[in-house]
Amino acid sequence: MLNYILKRFTKIVVRIILLLFVLVLMLLSILYVSYKSRANNPYPNEVFDFVDKNKSEILLNEKNKKYLEERKIWAIRINKNGEVIESFNKPNVVKDKFEITDIARFTRYYLNDYPVFTYILGDGLIVFGYPKNSFDKFPINFVDYKNFNFNLKLSALFLLIFLFLVYLMYKIDVKNIFKKLDPVQKSIEELYEEDFDPLEEVGELSDLSKTINDANMKYHDLKSTQAKWIRGISHDIRTPLAKIAWGLNEIKEDKNLEEIMKIQDQVLKISNIIEDLNLTMSISSLSKDKFTIADPVPILRKLIVEKLNEFPDREIIFDNELKNAKINMDNNLFYRMVENVLKNSLTYTDGIIKVSAYSLNDKILISIEDEGQGIEEELIEKVQKSDISHVTTHGMGLFISKQIAEILGGSILIENTYPGVKVLFRFDLI
């Protein structure tokens with residue numbers, strides 16, 4: 001994982017450097033284009049230098065006029081009295097004589113909306129007038145209007161291109177990250193599943209993929225070892241338990257019959273616990289491919305009849321509202337799932353037990369309700385969290401029912417109803 005982060009960090013740094021290089025390149029391009037576009041509106045100092053250098057007896061001779069004509073610049077020469085004594089392409093709106101206030105005004109600003117630039121020439125002035133909107137004049141400086149607008153638009157375009165490149169690289173990076181992390185996330189979610197698909201241990205995430213594969217292998221090795229250990233212990237315990245049970249049957253005529261029956265009950269409980277442990281270990285490895293679509297009602301009827309025969313003094317009410325309702329199930333597992341709950345109610349409570357089967361919102365619901373003293377909330381929480389530490393026989397039966405419900409694609413809800421307990425199974429209606 002660290003290797004992947006370092007490589008990704010390196011790529012990000014390289015891309016940032018690349019983007020900075022692109023940004024610098026764009027800035028240089030702007031400066032170059034700005035420099036090249038200057039030829040459209042030559043700076044006034046350059047115009048004055050050319051005209052002054054090439055003047056003859058007449059300031060605005062043919063050479064200078066041609067130069068000004070090519071650059072769309074008009075010019076006037078003003079003597080010390082404010083009179084125009086020489087001009088070229090002077091607009092009609094421009095006066096032939098100026099007051100000193102006029103000269104002060106257009107020297108700093110505009111002359112009839114024309115940006116003009118004034119230079120001292122002898123005892124008079126030379127004024128160069130540029131096309132309207134070619135320059136923006138300020139009291140202390142001037143700006144090439146068209147060039148400024150062009151540069152502004154060009155800068156905005158380059159900024160948009162730059163942001164688009166950043167966004168594009170971001171999307172590509174995010175897409176690549178998710179493309180590489182999605183299989184890892186899926187494998188983590190299926191880490192303890194039987195159908196876990198090992199990750200390919202290649203590329204930037206090879207170390208992480210190898211760690212996940214190793215974790216899955218260790219889990220299944222541990223699970224296999226636990227199952228073998230439980231099966232071995234179960235086998236070792238069953239033999240002495242069977243011998244104890246046979247011995248107790250042979251001495252039942254003994255006068256301590258009540259004590260013998262207590263011992264026999266404990267032997268039976270131990271046998272049931274061992275059976276529950278074996279079932280718990282085997283449920284998680286069952287293949288769902290062997291499940292069939294079937295109606296659960298006949299199994300419920302069969303179970304209730306068998307339990308009434310086993311507990312003839314108890315009353316079980318079966319309220320069935322299902323008609324040809326089917327779920328994906330295994331008959332034996334479904335029977336054991338409901339039997340565990342029903343047997344708990346028969347063993348640990350008195351009063352009427354109600355079994356209900358009905359449908360709601362595309363779900364089949366099967367509930368078992370009794371009138372007992374309820375179950376400790378701590379035990380309910382442990383069962384819901386699949387925590388079997390310090391769980392009694394009562395809780396182990398509920399835990400197994402929860403396991404079966406989940407492997408059948410359903411869920412279980414256990415709640416105290418004061419008095420009594422309600423256990424609700426929910427399955428998708430097919």
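Modeller: Helices and strands are here DSSP runs, numbered from the N terminus, a strand having at least two residues. The model under discussion is predicted.

Colleague: What makes the peptide bond from Tyr 418 to Pro 419 cis?

Modeller: Its omega is near 0°, and the bond is accordingly cis. In general, most peptide bonds are trans.

Colleague: Why does Tyr 418 count as exposed?

Modeller: The relative accessibility of Tyr 418 is 63%, and exposed means over 50%; therefore Tyr 418 counts as exposed.

Colleague: What is the phi of Asn 324, and where is this residue found?

Modeller: Asn 324 has a phi near 55°, a positive value in a residue other than glycine. It is found in the loop between strand S9 (316-320) and strand S10 (327-329).

Colleague: How do you know that Asn 324 is exposed?

Modeller: Its relative accessible area is 70%. Because the cut-off for exposed is over 50%, Asn 324 is exposed.

Colleague: Why is Leu 27 called partly exposed?

Modeller: Leu 27, in helix H1 (residues 2-37), has a relative accessible area of 46%. Buried means under 20% and exposed over 50%, with partly exposed in between; so Leu 27 is partly exposed.

Colleague: Which residues form the nonpolar surface patch that includes Leu 27?

Modeller: The patch is formed by Ile 12, Ile 16, Leu 20, Leu 23 and Leu 27, which together have about 410 Å² of accessible area.

Colleague: At what angle do helices H2 and H3 pack, and why is H2 called roughly antiparallel to H3?

Modeller: Helix H2 (residues 44-53) packs against helix H3 (residues 62-70) at about 160°, the axes being 9 Å apart. Angles over 145 degrees count as roughly antiparallel, so H2 is roughly antiparallel to H3. The crossing of H2 past H3 is right-handed.

Colleague: What makes H8 oblique to H9?

Modeller: Helix H8 (residues 297-310) and helix H9 (residues 331-348) pack at about 40°, with axes 10 Å apart. Roughly parallel requires an angle under 35 degrees, and roughly perpendicular one of 65 to 115; therefore H8 is oblique to H9. H8 likewise passes H9 in a right-handed crossing.

How values were computed:
Residues numbered from 1 in each chain as written. Predicted model: local features only at pLDDT ≥ 70, side-chain atom pairs only at ≥ 80, totals over all residues. Heavy atoms only, no water. Helix = DSSP H or I, 4+ residues; strand = E, 2+ residues; numbered from the N terminus. Buried < 20%, exposed > 50% of the residue type's maximum accessible area, 1.4 Å probe, protein only. Patch = residues over 30% accessible without salt bridge, like charges linked within 9 Å, V, L, I, M, F, W, Y side chains within 5 Å. Areas by Shrake-Rupley, 256 points an atom, 1.4 Å probe, with all protein chains shown as cover. Salt bridge = Lys/Arg side-chain N within 4 Å of Asp/Glu carboxyl O. Axes fitted to C-alpha atoms, helices over the stretch in contact; angles between N-to-C directions. Left-handed = near helix turned anticlockwise from the far one by under 90°.
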